[in-house]
Amino acid sequence: QVQLVESGGGLVQAGGSLRLSCAASGNEFGIHEMGWYRQAPGKQRELVAVITSGRSPRYADSVKGRFTISRDNAANTVTLQMNSLKPEDTAVYFCNADFYSPYGGLQGYWGQGTQVTVSS
């Protein structure tokens, strides 16, 4: 059974830092892409940062230069270091992983979400 277990998040003042981690388990065929999405109240879920197994990252323009995503392929973990946080970064952050399916293609899974709140 595939599981994505998130940790980190919380409340921080503007300008501060937080670190999110996500550990994936339950699939022996490997993971293509892992990353983080977020959803603020009344808004659609949006990409924050993702990284492939080859460690090629992609970032939303709004977080470039402030957030850094990293990945440990052996441990199936992905980490998001968030610096210079702004109130507009406040959202529920969701871990996402695209697993290789034994039947071909990819199958996506989501974590339960973790709240990040940035006070002004």
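This is a predicted model: local features need pLDDT of at least 70, side-chain atom pairs count only at pLDDT 80 or more; totals for chains, interfaces and linings use all residues.

Trainee: Which value of phi does Asn 76 have, and why is Asn 76 called partly exposed?
Mentor: The phi of Asn 76 is near 55 degrees, which is again positive in a residue other than glycine, and this residue is found in the loop between β7 and β8. Its relative accessibility is 22%, and since buried means under 20% and exposed over 50%, the value falls in between, so Asn 76 counts as partly exposed.

Trainee: Why is Val 63 called buried?
Mentor: Val 63 has 0% relative accessibility, and the cut-off for buried is under 20%, so Val 63 counts as buried. Val 63 lies in the loop between β6 (57-59) and β7, and, not counting residues up to four places away in sequence, it touches Arg 38 and Val 48.

Trainee: How do you know that Arg 58 and Glu 33 form a salt bridge?
Mentor: Their closest N and O atoms are 3.2 Å apart, and a salt bridge requires a side-chain nitrogen of Lys or Arg within 4 Å of a carboxyl oxygen of Asp or Glu, so the pair qualifies. Arg 58 lies in strand β6 and Glu 33 in strand β4 (residues 31-39), so the bridge ties together parts that are 25 residues apart in sequence. Arg 58 is partly exposed, with a relative accessible area of 44%, whereas Glu 33, at 12% relative accessibility, counts as buried.

Trainee: What makes Arg 71 a residue without a salt bridge?
Mentor: The nearest side chain of opposite charge, that of Glu 33, is 7.4 Å away, and the limit is within 4 Å, so the buried Arg 71 has no salt bridge. Arg 71, which lies in strand β7, does have a polar atom of its side chain 3.4 Å from the backbone oxygen of Thr 52.

Trainee: How do you know that Asp 89 and Arg 66 are joined, and which network do they belong to?
Mentor: Their side chains meet in a salt bridge at 2.7 Å, N to O, and the cut-off is within 4 Å. The pair links distant parts of the chain, with Asp 89 in the loop between β8 and β9 (91-100) and Arg 66 in the loop between β6 and β7. Both residues are buried, and salt bridges that share partners join Arg 38, Glu 46, Arg 66 and Asp 89 into one network.

Trainee: What makes β1 and β7 edge strands?
Mentor: The open sheet has 4 strands in the order β1-β3-β8-β7, with antiparallel pairing, and β1 (3-8) and β7 (67-72) each pair on one side only. β7 pairs with strand β8 (residues 77-82) over 6 bridges, where the bridge partner of Asp 72 is Thr 77.

Technical notes
Residues are numbered from 1 along each chain as its sequence is written. Side-chain values use heavy atoms; hydrogens and water are left out. Two strands pair if DSSP finds at least two bridges between them. Helices (H or I, at least four residues) and strands (E, at least two) are DSSP runs, numbered from the N terminus. Buried means under 20% relative accessible area, exposed over 50%, partly exposed in between (1.4 Å probe, protein chains only). Lys and Arg count as positive and Asp and Glu as negative; His and the chain ends are not counted. A polar contact is a pair of N or O atoms within 3.5 Å; within protein, one must be able to donate a hydrogen and the other to accept it, and residues adjacent in sequence count only if both atoms are side-chain atoms. Contact means heavy atoms within 4.5 Å.
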